[in-house]
Amino acid sequence: MLAFWVFVKDFLIFARNKQTFILLIAMPLMLIAILGAALSGLIQNSDEEAKLSSFNIAVIDKDQSEESFFFVDDILIDRLFSVLNVTKMDESKLDHAFKTEQITLAVIIPEGFGNAIEQHDKPSLKLVSQGDASIEESIITIAALHYQNLDLAISKIVEKVTRTLVEQSKKTGQSPEMSNLSDVITKLDGGANSLRESKNEMNVRMGSKTVGSFQYYAVGMGVMYLLITVTTLVSNILVEKEDPVYLRQFVSNLTPQQYLLGKYLSLIAITFIQLSITIIGTNLLFNVDWGDSILCILFTMLTTTISTSALGLFIGSLIKKASTFTSMSMVSTQILAALGGSFVPIYLFPDWMVTVTKVLPNSLGLQMFLDIMTGATFADIWQEGVIALVVSLLLFAVSWIRLSRKGGAIHV
Amino acid sequence: MLQVSGLKKQFLNHEVVKGINLDIKKGEAYGLLGPNGAGKSTTISMICGLLKPTEGSIKIGEFDMIKQPKKAQQKLGIVPQEIALYMPMTAKENLMFWGRMYGLKGVPLKARVDEVLDIIGLFDRADDKVETFSGGMKRRVNIGAAILHQPELLIMDEPTVGIDPQSRNHILETVKTLNKEGMTIIYTSHYMEEVEYLCSRIGIMDHGQLLTEGTLTELKQMLNDGNEIIIQLASRKITDEELILRLHTKMPQFSFTIVGDTLRTITPHSQVILTTLLNELTVMNLTVTSIEIKEANLENVFLHLTGRTLRD
């Protein structure tokens, strides 16, 4: 109960500080509005470009094996007909096809392709492109990996993965980062495990909606501001730690643990309000569609605010002085925001970074919001929410233990 | 009410408190005097349970502060040296908050807050934010927050620093009344007259040790019930050291101090020594501009015990 009164007191002080209140509540909306207006033309164009339904590619089959025929006919032509217009041609006609812009990418199947498949070796393909054909390259890469595994269950996934790639490019107006041919070949050589990981990572739903650039931008900014708010509030906690009121509290019945819980409650409440205003504000002012499921949105808001608050509390428990925290917070917030996908989509990161970001509260929140925007149901997002809650619990427990080790009820 | 035994506190290799013993009876007003760095605040922090002693024991009522800190803390109220209040909140909101922190709630809490607002003389300003208050008013709320739960022991650490005379008088009267009503008080201050006015027993601390303690009369007896002679000198050529040396040579049984142009000494035979002293000053061609003889006070006791003034 005492923790509740600590929360009430903190909330009252927060609400009365007009400067902080405006900074944390109104600023996200203002920033989204100003930058949104400035970038609207750019964002609109990107969205339109992303509406291309298919790409024209050429295939030069030098192997002429059963395996190469299967790869071209069954996978590239039959299964990927919705995104690829495949033309089989001789290598001699390639220059002309590029010059007349009939194709954007050529796939050359070298001799020995079939043998490599038969011997369960790593096959290679040569991709030739003119201009930016990174999306097409990505599609071919995944298709080839799929073929290497010869897994019928996976073959269905490939089609969905391909669609997801196109959708993701629509979200950001950016193409997947694989414009370099050597990169593509390396990825092809990466083996079957890469595909299995991809299969596990991507949550593909049939009939899902497309997330627009402005939607992604609103989510990214909203989550980033959540981090800024947590940072500011934790900084306030550390300032209070240097104030005589901090020690006075512990001469009363209040224990350090109740104090920590009270602070945590106030962090959650304030960030929840901020996120609510961001969501409602962007929806009303800029028609940002945050998804159809109110339950999912509320669940995501709750798990995101709980986990980002725990993260802030944890960092705060590691640092003694407010001045140290303040000087570090700006940089760390930007790093966390970047790692969490607020600036660029997470799938553009290297694999190890993607793994790290899987447990970052802001990253989980962002991903859950994006999923809801594409039409995810509670069954699709609950796991990410549970991960966020488990992470929160761990971070809060560590903060709790750190405070207890400092002396518990006495010697705070 | 408070029993402190062999209390020590060491920070790294520096021993700040060196074995303090205190036994303060219920209803007593105890003054703790000492200059900055004497170890008063560290001692108080340990008594309040905010700092773990390196050695020794603290008992408040029947509770051991180290073993049962929350039960022991329930019996005490602390008025910190600095204002420990939430500035954006009103006086009433602050008191409500601190009352809740001490376990008060509902109607009794509201009634007690009104009562305390009346005691500290801020009933009319209850709904004003503390940040709009003068230093004295803030200090009064600071005291109010400490007495909400009607503690048996009230510890006041320099509660009147930097405030106007009106607020100071109000605070002194409030403390006096609380003590008369049975509350045990520990009062630390630089202001001797406050301690003299409020406290029935006084302890003098320096360098982490309790040098002496007793009633005001007992302490003054350490100076043989002497008086202080204060002589103002005109500008002179002789140095302070030279002057003290020559006086000490002529009157070895007395100790003299000189600060600026003011020469001081304490003696139970002020009339006799004054004649000798004036003769010596005349021999040294020094001009006396004024002479004052007054009863020795705590400052003199402190000077006598430590060789320095409280504000050094």
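Me: Which residue in E2(B) is the bridge partner of B:Lys8?

Reply: The model is predicted; local features need pLDDT of at least 70, side-chain atom pairs 80 or more, while totals for chains, interfaces and linings use all residues. Residues count from 1 along each chain as written, chains are lettered from A and ligands numbered from 1 in written order, and side-chain values use heavy atoms, without hydrogens or water. E1(B), residues 2-11, and E2(B), residues 14-24, pair antiparallel over eight bridges (strands: DSSP E runs of at least two residues; pairing: at least two bridges). In E2(B), B:Lys8 is partnered by B:Lys18.

Me: Which residue in the turn between E1(B) and E2(B) has a positive phi?

Reply: E1(B) and E2(B) form a hairpin with two residues between them. Phi is about 55° in the turn at B:Leu12.

Me: How many disulfides does a search of the whole structure find?

Reply: A disulfide needs two cysteine sulfurs within 2.5 Å. Over all chains, the count is zero.

Me: Is A:Cys296 buried or exposed?

Reply: Its relative accessible area is 1%. Buried means under 20%, so A:Cys296 is buried.

Me: Are H10(A) and H14(A) roughly parallel or roughly antiparallel?

Reply: The axes of H10(A), residues 213-241, and H14(A), residues 322-339, come within 10 Å and cross at roughly 165°. Contacts (heavy atoms within 4.5 Å) include A:Leu227 of H10(A) and A:Phe325 of H14(A). Angles over 145 degrees count as roughly antiparallel, so the two helices are roughly antiparallel.

Conventions: Helix = DSSP H or I, 4+ residues; strand = E, 2+ residues; numbered from the N terminus. Buried < 20%, exposed > 50% of the residue type's maximum accessible area, 1.4 Å probe, protein only. Axes fitted to C-alpha atoms, helices over the stretch in contact; angles between N-to-C directions. Parallel < 35°, antiparallel > 145°, perpendicular 65-115°, else oblique.
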